[in-house]
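Hello,

Here is the structure I promised to pass on to you. Have a look at it first, and then read my notes below.

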Amino acid sequence: ARQFNTMTCSWGGMGYLWNRPVCFVFVRPQRHTYTFMESHAGFSMAFFDETHRDILTFCGSRSGRDVDKIHETGLSPVFNDSGYILYEQAVRVITCRKIYADDIRSGGFIASAERDAVYPEADFHKLYIGEIQEILERS
């Protein structure tokens with residue numbers, strides 16, 4: 001059985017935190033990817049050019065619980081020596097070792113209008129911060 005999942009994630013960013021280059025992403029607990037984020041020490045982020053917009057759309061609208069995204073999209077997964085998943089079609093892949101994770105909480109919102117607009121069902125994301133291990137670019 002496949003030991004990874006892929007999802008289209010639009011909430012996140014990069015920066016410098018705790019004297020390290022980091023990436024941060026947000027994943028809702030009901031997403032299939034959440035299980036993998038919880039059970040692995042790291043994660044990878046793959047970036048695609050516009051010619052692969054259909055793959056991003058498909059992976060953002062279907063769950064890996066229900067469909068084989070790799071088969072359906074034609075993605076070509078490859079694992080690097082550290083065990084991170086890469087895709088041959090990606091123009092850039094960033095691998096990260098998780099260094100922090102915490103749940104977004106209702107009480108943490110200073111502006112309740114944003115909370116109510118984004119989380120009407122109170123299905124708060126979990127924040128994952130990963131120290132960047134490697135940035136791979138296709139030439």
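A residue is called buried when its relative accessible area is under 20%, exposed when that area is over 50%, and partly exposed in between (1.4 Å probe, protein chains only). By that rule, 33% of the 139 residues in the chain are buried.

Before going further, please note that this is a predicted model: local features need pLDDT of at least 70, side-chain atom pairs count only at pLDDT 80 or more, and totals for chains, interfaces and linings use all residues. Residues are numbered from 1 along each chain as its sequence is written, and side-chain values use heavy atoms, with hydrogens and water left out.

Let's start with the overall fold. The chain has four helices and seven strands; these are DSSP runs numbered from the N terminus, with helices being H or I of at least four residues and strands being E of at least two. Following the sequence, the pattern reads β-β-α-β-α-α-β-β-β-α-β. The radius of gyration is 16 Å, close to the 14 Å that the globule rule gives for 139 residues, so the chain is as compact as a globular protein of that length. That radius is taken over C-alpha atoms, and the rule is 2.2 Å times the number of residues to the power 0.38. Along the principal axes, the C-alpha atoms fill a box of roughly 45 × 40 × 30 Å.

Now for the inside. A nonpolar core is a set of buried Ala, Val, Leu, Ile, Met, Phe, Trp, Tyr and Cys residues joined through side-chain atoms within 4.5 Å. The largest one has 12 residues, including Met-7, Cys-23, Phe-43, Ile-94 and Tyr-128. At least two of its residues come from each of strand 2 (20-27), helix 1 (32-39), strand 3 (42-47), strand 6 (92-103) and strand 7 (126-137). Strand 2 gives the most, with three residues. Apart from this core lies another, of 11 residues, with Ile-70, Leu-75, Ile-85 and Val-93 among them.

Contact here means heavy atoms within 4.5 Å. Beyond four places in sequence, Cys-23 touches several residues, including Phe-43, Met-45, Ile-94 and Cys-96.

Finally, where is Asp-102 found? Asp-102 sits in strand 6 and is partly exposed, with a relative accessible area of 23%. Leaving aside neighbours within four places in sequence, Asp-102 is in contact with Lys-126 and Leu-127. The C-alpha atoms of Asp-102 and His-125 are separated by 8.9 Å, although these residues are 23 apart along the chain.

Happy exploring!
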